[in-house]
Amino acid sequence: MYVAVKGGERAIDAAHAWLAEERRGDPAIPELTVAQIREQMALAVNRVMAEGSLYDPDLAALAIKQARGDLIEAVFLIRAYRTTLPRFGASRPVDTAAMAVDRRVSATFKDLPGGQVLGPTFDYTHRLLDFALMAESEVPPAPTAAAAAEPVPHVTGLLDRDGLIEAEPPGEDAPADLTRTPLELPADRALRLQALTRGDEGFVLSLAYSTQRGYGRTHAFVGELRIGRVAVEVELPELGFAVEIGEVELTECETVNQFKGSKTEPPQFTRGYGLVMGQSERKAISMSLVDRALRWQELGEDFTGAPAQDQEFVLSHCDNVQATGFLEHIKLPHYVDFQSELELVRRLRAEATALREAAE
Amino acid sequence: MSAPRTPSRAMPPQDRAARPGNRPDRKGTAVSDYNFAYLDEQTKRMIRRALLKALAVPGYQVPFASREMPMPYGWGTGGVQVTAACLTPGDRLKVIDQGADDTTNAVSIRRFFQRTAGVAVTERTADATVIQTRHRIPEQPLTEAQILVYQVPIPEPLRFLEPRETETRKMHELEEYGLMHVKLYEDIARHGEIATSYAYPVKVEGRYVMDPSPIPKFDNPKLADNPAIQLFGAGRESRIYAVPPYSQVVSLDFEDHPFVASKADHDCDLCGASESYLDEVITDDRGSRMFVCSDTDFCNARQAAGHRGRLSAQEVA
Amino acid sequence: MNAPLTSPLAGGFADPARDAAHAFRAVLDAMARPGRIHAVSGGAAPGLSAAAATVLLTLTDATTALHLAGALDNDALRRWIAFHTGAPLAAAADAGFALGRWPDLQPVTRFRIGEPAFPDRSATLIVEVERLEPDGPRLTGPGIRDTARLSLPETAAFRANRALFPLGFDIILTCGDRLAALPRSTIVEDC
């Protein structure tokens with residue numbers, strides 16, 4: 001006797017229990033603490049904060065633990081939590097020129113005011129597995145120096161003073177919020193940057209790479225990459241002034257791109273911009289290249305059909321929570337639709353066979 | 001369109017009860033800590049406004065600021081948001097996937113609302129006041145006391161003919177549906193009939209071409225002249241649309257190739273029904289198969305009333 | 001319900017999530033079935049019917065621009081709206097919602113009817129009427145099985161609005177604790 005599949009509820013409960021067991025792994029091995037993840041998996045935490053659009057290292061670390069290290073799943077957990085948070089207001093724009101930099105490099109000038117600061121980078125590490133890390137070991141303290149007192153001005157600001165780079169007047173309007181209003185195309189730059197900064201790092205990286213290989217090339221130089229902490233300020237109408245409520249770590253990349261100009265207009269360099277929460281320089285550089293490629297229209301360039309130039313393509317597909325959900329939904333039952341396809345194909349085959357036999 | 005600036009002010013009383021986002025204690029979040037039906041009130045109002053406009057312009061896809069739900073996009077987040085915006089504490093909710101109440105995703109969504117809204121649930125179509133569905137319309141005719149909420153993956157009926165939203169929006173605006181007719185006609189030229197068996201496009205009230213969600217075309221006739229309110233939610237694509245009761249809904253076709261609502265040419269092997277949509281179940285590796293109602297409630301009710309199908313006799317044996 | 005309100009702090013929902021849910025279901029069914037009359041409760045605002053106050057609490061907030069027409073544009077109501085919903089007040093042409101008696105809303109051609117690509121970007125008019133009964137002009141169209149009747153303040157304006165379909169504004173009529181709706185899709189006839 002055929003019995004239709006029953007017991008979905010029991011199966012779900014059992015799956016959840018098994019998942020929890022797998023998450024914990026071998027109980028003989030000490031359990032990871034959220035603080036350990038926050039401190040020692042900081043770049044994973046940063047990625048989850050950036051793509052989850054929520055600056056909270058503890059919650060990001062918790063999400064990574066809960067997601068068994070699946071970062072897209074962790075981003076999803078953070079997003080689902082974020083969406084339930086009440087909005088009390090908006091901060092003032094952060095001032096990255098006033099950033100306390102841990103790292104600041106420019107590829108366009110050998111030296112510059114504020115200096116080149118290498119910071120804690122993988123860049124010149126030789127990628128050799130460090131087997132010493134397999135054992136617990138003390139890390140010798142890194143040498144320190146007094147923080148430089150001089151300001152660290154933006155490279156693009158230096159270029160701007162000479163009129164060598166396109167001017168970027170500060171925007172007046174409050175930008176739309178991608179998470180509170182449905183995306184309408186074409187989207188303005190503020191909205192595109194929002195989408196890119198929470199977009200999937202792998203997707204944005206590949207798009208940026210494609211522009212370097214000629215699919216929407218923009219001749220990008222890293223004018224400046226800076227990582228550090230900035231103050232977040234909120235204006236309190238009751239007080240009539242802004243109050244600092246905390247600090248966030250950001251990575252900012254400004255690219256200096258191919259110039260444009262004409263007989264009447266002197267040539268100027270153009271800009272690409274990337275800003276990402278946490279230390280996420282691969283993402284920030286990628287974002288600035290894709291931002292620049294998406295600006296073809298306003299800069300009077302040709303649309304060459306490159307994916308990175310196509311804002312509908314980029315914005316519709318950069319979100320990994322959307323992508324992963326829709327991709328994975330095809331494992332849900334579709335047997336009703338499949339059944340109707342089955343009947344259709346059988347009928348069409350029968351008709352085609354009948355026609356062929358009639359012809360023979 | 002820019003969003004109105006969030007005013008920096010105290011939360012109005014209409015939202016005071018809706019503060020789900022307090023940081024959970026480290027033991028974890030109890031779902032009961034969330035607002036009634038999970039969503040905060042401001043989100044519900046936004047969805048509710050979209051639903052009213054959707055009813056006022058039948059078949060037109062209203063953009064809405066879809067939220068990230070605690071379940072994946074593509075798994076019913078649009079339907080869940082619509083249901084959450086419609087539920088009242090007195091409702092009796094039924095959730096089906098593929099016509100069945102006990103498929104895992106249906107179980108999961110039903111549980112979500114039991115926990116977050118505390119509503120009563122039922123598997124009986126006749127007892128439900130709100131029915132959330134994926135891929136089917138129940139066999140039992142719906143009533144004026146019911147709302148049917150569809151989960152929609154791709155709300156745009158023209159999407160696979162034209163991938164750009166900017167273009168398809170223009171086509172709807174200009175009522176320019178030639179592309180769809182060309183596609184259907186090419187089917188006929190190649191196969192002798194329209195080769196679309198589910199998500200079969202319809203025209204609502206003579207104006208908008210609409211995707212009825214991936215229901216089998218067998219269900220299309222039930223969309224028309226239905227006493228219930230039919231609401232469609234597409235979460236990932238941020239669209240809501242609706243078919244008001246007793247609306248005219250016509251499946252696209254040609255005079256010489258009229259629309260036919262087809263199903264497997266069998267009776268249900270469990271309840272003997274000849275008029276219900278059937279699932280084909282492979283029962284061994286030698287090609288044996290049986291056909292059973294996809295609508296589990298419909299089939300169970302018929303069996304309880306004494307109806308028997310081809311394979312029911314084995315029950316006694 | 002309609003007792004004079006001395007404080008703008010009074011008259012909100014006692015249980016916001018559940019009260020709003022019940023009220024919305026009534027509005028939803030009203031919009032889905034033009035002409036059908038529903039009773040609602042929960043809201044009370046100075047100089048407004050309970051139904052209109054309930055609709056405001058259910059649908060408007062800081063993200064919806066609201067236009068107050070005629071005598072309803074008064075301090076007491078403004079304070080109530082600011083406290084309970086935070087809805088910014090706006091001119092007729094910019095409003096997502098408008099509230100007033102029918103004569104005060106004239107000419108209704110001032111209100112947003114949506115854009116050809118976005119017909120949803122249209123106003124919803126909340127119209128306070130002195131009488132709301134299932135009689136008067138005949139209604140047909142989506143949501144109506146055969147025909148319905150509703151005591152509308154006039155018919156010409158609704159016929160003109162229907163002619164704009166899929167553009168047009170939508171109406172919620174309020175009277176005491178009852179409401180009915182007239183979406184742009186409804187065909188209104190005098191007979």
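**Exercise 1.** State how many aromatic pairs the chains hold, and classify the pair of Phe218(B) and Tyr277(B).

*Solution.* Over all chains, the count comes to 10 aromatic pairs, where rings of Phe, Tyr and Trp (its six-membered ring) pair if their centres lie within 6.5 Å, with planes under 30 degrees apart counting as stacked, over 60 as edge-to-face and the rest as tilted. This is a predicted model, in which local features need pLDDT of at least 70 and side-chain atom pairs count only at pLDDT 80 or more. Side-chain values use heavy atoms, without hydrogens and water.

For Phe218(B) and Tyr277(B), the centres are 5.5 Å apart and the planes lie at 40°, so the pair is tilted. Phe218(B) belongs to the loop between strand 7 (208-210) and helix 6 (220-223) of chain B, and Tyr277(B) to the loop between strand 10 (249-251) and strand 11 (278-282), so the pair ties together parts 59 residues apart in sequence. Helices (H or I, at least four residues) and strands (E, at least two) are DSSP runs, numbered from the N terminus.

**Exercise 2.** Classify the ring pair of Phe232(B) and Tyr241(B), and decide whether each residue is buried or exposed.

*Solution.* The ring centres of Phe232(B) and Tyr241(B) are 4.7 Å apart with planes at 5°, so the pair is stacked. Phe232(B) has a relative accessible area of 0% and is buried (under 20% relative accessible area; exposed is over 50%, partly exposed in between; 1.4 Å probe, protein chains only). Tyr241(B), at 0% relative accessibility, is also buried.

**Exercise 3.** Identify the residues that form one aromatic cluster in chain B.

*Solution.* The cluster consists of Tyr38(B), Phe112(B) and Phe113(B).

Note on methods. Residues numbered from 1 in each chain as written. Chains lettered and ligands numbered in written order.
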